[in-house]
Amino acid sequence: MNGGSVIEFHLDSRSGVSPYLQVVHQVRHALRLGLLREGDQLPTVKEVVARLAINPNTVLKAYKELEHAGLVAARPGIGTFVTRTLSDSTLAAHRPLRQQLQRWFGNARRAGLDDESIEALFRDCFRSTLDEGVA
Amino acid sequence: MTAVLDAEELSKQYGRRRALQDCTLSIPPGHVVGLVGPNGAGKTTLLHLAVGLLQPTSGTIEVLGSRPAETPAQLGRVGFVAQETPTYAALSVADHLNFGAWLNPSFDATMAEHRIDELGLDPHQKAGHLSGGQRAQLALTLAIAKRPELLILDEPVAGLDPLARREFLQYLMESVAEHELSVILSSHLVADLERVCDYLVVLVASRLQLAGEVEGLLASHHRLSGPRRDADSMPSDQEVIEASHTERQSTIFVRSESPILDPAWTVEEVSLEDLVLAYMGRATDARGARRSSMRPVQ
């Protein structure tokens with residue numbers, strides 16, 4: 001069924017995230033991790049709806065948003081193709097950053113923080129660096 | 001573009017019982033419309049009026065720009081699958097396809113045969129021996145092979161198990177993507193339609209409660225919770241759909257085109273199911289209130 005495409009979408013109906021956003025996120029995620037590369041074809045709208053039993057407009061909307069972001073391009077009558085990847089030069093930096101973060105989570109747990117406190121602290125810190133323009 | 005369904009003050013009465021009252025509604029083309037409401041709300045009546053099986057008591061209805069079933073050409077543009085996806089038990093699958101081709105000039109026999117093959121159905125099998133899911137798929141195949149512009153389905157998935165339900169909706173959505181048809185389907189369970197419909201019509205107690213594009217409806221409705229507050233004291237641009245209170249807290253379901261800025265409220269997004277339940281609740285409350293306000297007069 002998935003002729004030329006390399007990824008398959010799935011939906012989490014309990015996530016509270018709208019189906020169209022879930023499709024957008026999954027494409028961006030695959031681009032970031034290098035699962036989707038330039039020139040790859042996304043599943044056709046018909047393929048997606050036949051698999052997920054969702055409204056075709058949902059898929060069209062997701063693809064339009066990705067197109068607007070300059071990540072994919074639609075070739076009429078053929079399909080939608082990846083035009084830009086998100087796994088840029090920062091991919092190499094992921095590993096050491098992940099290790100540091102894991103160490104930090106370990107420290108937080110050893111200090112006695114529960115999951116909720118860790119998440120709250122992480123989010124708060126993330127948001128304040130955004131506000132300061134550090135990131 | 002012409003509306004797929006245009007109703008003006010549409011009413012249908014059976015004797016003294018009002019099945020549909022003053023329904024004014026205009027549905028633009030290119031949507032999968034979910035017609036939702038409890039059993040007995042008037043969904044089937046509205047759909048039967050739309051396909052010309054019933055005549056209005058008063059008001060008007062147009063489908064794809066003309067009166068339902070007015071001409072053979074108009075009949076050909078609308079596909080209809082009645083409740084419980086009926087088939088002829090004594091006829092084989094192949095007989096159904098022949099019958100469909102004989103009755104409908106635009107019937108796409110190649111497509112229908114291909115679909116039957118895809119479903120793994122034996123053309124010689126009698127429809128009476130098919131499972132519920134297979135019968136539903138056969139009825140849907142016939143309706144789609146007719147190549148209608150508008151497909152109307154009355155509670156198509158109500159009697160199906162979860163797998164058959166999913167397969168039915170998969171094929172329906174695939175057909176929508178391929179043939180660009182408009183669809184109106186009814187259900188008393190909004191969960192069945194949550195992923196497939198992008199236009200919602202809510203009918204309760206023979207009256208239209210709500211109609212519009214799902215995206216816009218979800219964006220303009222909010223659930224507010226905060227310190228207790230009288231629902232009557234809400235700003236005029238926030239229409240209160242439903243409110244409940246405890247001694248200290250109020251939860252208010254509102255419709256508002258502008259964002260909620262009052263910091264006293266915690267604002268939550270709503271789901272399609274929340275939306276339908278709130279409007280159903282309001283309609284039921286209103287009936288109760290009417291009845292109790294009438295009592296002293298009687």
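# Getting to know chains A and B

Modeller: Let me start with chain B of this predicted model: of its 298 residues, 39% are buried.

Colleague: Thanks! How many helices and strands are there in chain B?

Modeller: Chain B has eight helices and 13 strands. Its C-alpha trace spans about 65 × 40 × 35 Å along the principal axes.

Colleague: And what share of the contacts in chain B join residues at least 24 apart?

Modeller: That share is 71%, counted among contacts between residues at least 6 apart in sequence.

Colleague: Let's talk about the sheet. In what order do the six strands of the open sheet in chain B come?

Modeller: The order is E5-E6-E7-E3-E8-E9, and the pairing is mixed. At the edges sit strand E5 (78-81) and strand E9 (207-213) of chain B, each of which pairs on one side only. From one strand to the next, the twist averages 15°.

Colleague: Which helix of chain B packs on the sheet and touches E3, E5, E6, E7 and E8?

Modeller: That one is helix H1 of chain B, residues 43-51. Its direction makes about 145° with that of E6(B). Helix H5 of chain B, residues 132-145, packs on the sheet too, touching E5 and E6 of chain B. The direction of H5(B) makes about 170° with that of E5(B).

Colleague: What holds paired strands together in general?

Modeller: Strands of a sheet pair through backbone hydrogen bonds, either parallel or antiparallel.

Colleague: New topic: how many residues of chain A are in contact with chain B?

Modeller: Ten residues of chain A are in contact with 13 residues of chain B. On the chain A side, helix H2 (45-52) and helix H3 (56-68) each supply at least two residues. H2(A) gives the largest share, four residues.

Colleague: What kinds of residues are on that side of chain A?

Modeller: Seven are nonpolar, two are polar and one is charged.

Colleague: How is chain A divided into domains?

Modeller: Domain 1 of chain A covers 19-82, and domain 2 covers 89-132. Their centres, taken over C-alpha atoms, are separated by 31 Å.

Colleague: Let's look at H1(A). How does the span of its 14 residues compare with what it should be?

Modeller: At 1.5 Å a residue, H1(A) should span 20 Å, and its end C-alpha atoms are 20 Å apart, so the two agree.

Colleague: Which residues of H1(A) are buried?

Modeller: The buried ones are Pro19(A), Tyr20(A), Gln22(A), Val23(A), Val24(A), Val27(A), Ala30(A) and Leu31(A). They pack against H3 and strand E2 (79-82) of chain A.

Colleague: And why is Arg28(A) called partly exposed?

Modeller: Arg28(A), which lies in helix H1 of chain A, is partly exposed because 15 other C-beta atoms lie within 10 Å, while a buried residue would have 20 or more and an exposed one 12 or fewer. Arg28(A) is also 8.5 Å from Leu71(A), C-alpha to C-alpha, although 43 residues separate them in sequence.

Colleague: What follows H1(A)?

Modeller: Gly34(A) does, and its phi is positive, near 80°.

How values were computed
Residues are numbered from 1 along each chain as its sequence is written. Chains are lettered from A and ligands numbered from 1 in the order in which they are written. This is a predicted model: local features need pLDDT of at least 70, side-chain atom pairs count only at pLDDT 80 or more; totals for chains, interfaces and linings use all residues. Two strands pair if DSSP finds at least two bridges between them. Axes are lines fitted to C-alpha atoms, for helices over the stretch in contact, and angles run from 0 to 180 degrees between N-to-C directions. Two residues are in contact if their C-beta atoms, placed from the backbone, lie within 7 Å. Ala, Val, Leu, Ile, Met, Phe, Trp, Tyr, Cys and Pro count as nonpolar, Asp, Glu, Lys and Arg as charged, and the others, Gly among them, as polar. Domain bounds come from an automatic or database domain assignment. The expected span of a helix is 1.5 Å times one less than its number of residues.
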